[in-house]
Amino acid sequence: MQVASFDNYAELYDEHFTFSRIGMLQRQMVYDHLDPLLSKEKNVLELNCGTGVDAFEIAGKVNTISATDASSKMIEKCRSKKLNDNTDNLHFSKKPIQELNAELKSTNFIFSNFGGLNGISPNDMFELSLKCNGG
């Protein structure tokens with residue numbers, strides 16, 4: 001899916017996927033795997049955060065979380081949810097993976113859920129892997 005598709009889908013994403021039975025079951029499986037890896041020493045970078053559900057779940061378990069997405073509408077959904085939440089260590093920004101630089105240097109845990117990396121080209125994946133490894 002292209003960014004425009006996610007912009008168009010942002011309003012319905014939680015209703016159609018996040019809070020669907022399959023969405024909730026899949027998320028619980030991810031959290032069961034992820035939870036033992038998280039700690040207050042972790043500064044998390046979430047790639048393609050969608051509507052921010054995972055970022056809010058993770059925020060209480062880590063030092064900081066920066067959640068990014070290329071879709072401005074998805075980030076708007078995240079920020080509107082944050083208005084009703086007092087999570088101080090959680091920050092959302094509209095930024096495609098290809099533009100991540102400083103964010104990669106200030107993190108010690110990178111997370112992407114539900115195919116967020118499937119939408120980037122093999123070249124962009126290669127470039128991201130180089131950046132993640134200090135290259």
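Before I start on strands, I need one term: two strands pair if DSSP finds at least two bridges between them. I also keep in mind that this is a predicted model.

**Entry: β1 and β2.** I looked up strand β1 (residues 43-47) and strand β2 (residues 64-69), and found that they run parallel, joined by four bridges. Which residue in β2 is the bridge partner of N43? I found T64 there. Next I followed the chain from β1 through helix α3 (residues 53-59) to β2, and this β-α-β crossover is right-handed.

**Entry: β2 and β3.** I moved on to strand β3 (residues 90-94), which pairs with β2 in the parallel sense over five bridges. Here I noted A67 opposite F92 in β3. With helix α4 (residues 72-82), β2 and β3 make a β-α-β unit, and I wrote that one down as right-handed.

**Entry: helix α2.** I checked the length of α2 (residues 21-34) with a quick sum. At 1.5 Å a residue, its 14 residues should span 20 Å, and the end C-alpha atoms are 20 Å apart, so the two agree.

Then I asked which residues of α2 are buried. My list has G23, R27, Y31 and L34. These four cover an arc of only 65 degrees around the axis, so they lie on the same side of α2. On the other side of α2 I found R21, M29, D32 and H33, which are exposed.

**Side note for myself.** In a regular strand, side chains alternate between the two faces of the sheet.

How values were computed: Residues numbered from 1 in each chain as written. Predicted model: local features only at pLDDT ≥ 70, side-chain atom pairs only at ≥ 80, totals over all residues. Heavy atoms only, no water. Helix = DSSP H or I, 4+ residues; strand = E, 2+ residues; numbered from the N terminus. Expected span 1.5 Å × (residues − 1). Buried < 20%, exposed > 50% of the residue type's maximum accessible area, 1.4 Å probe, protein only. Arc of directions from axis to C-beta. Right-handed = clockwise from strand over helix to strand, strands pointing away.
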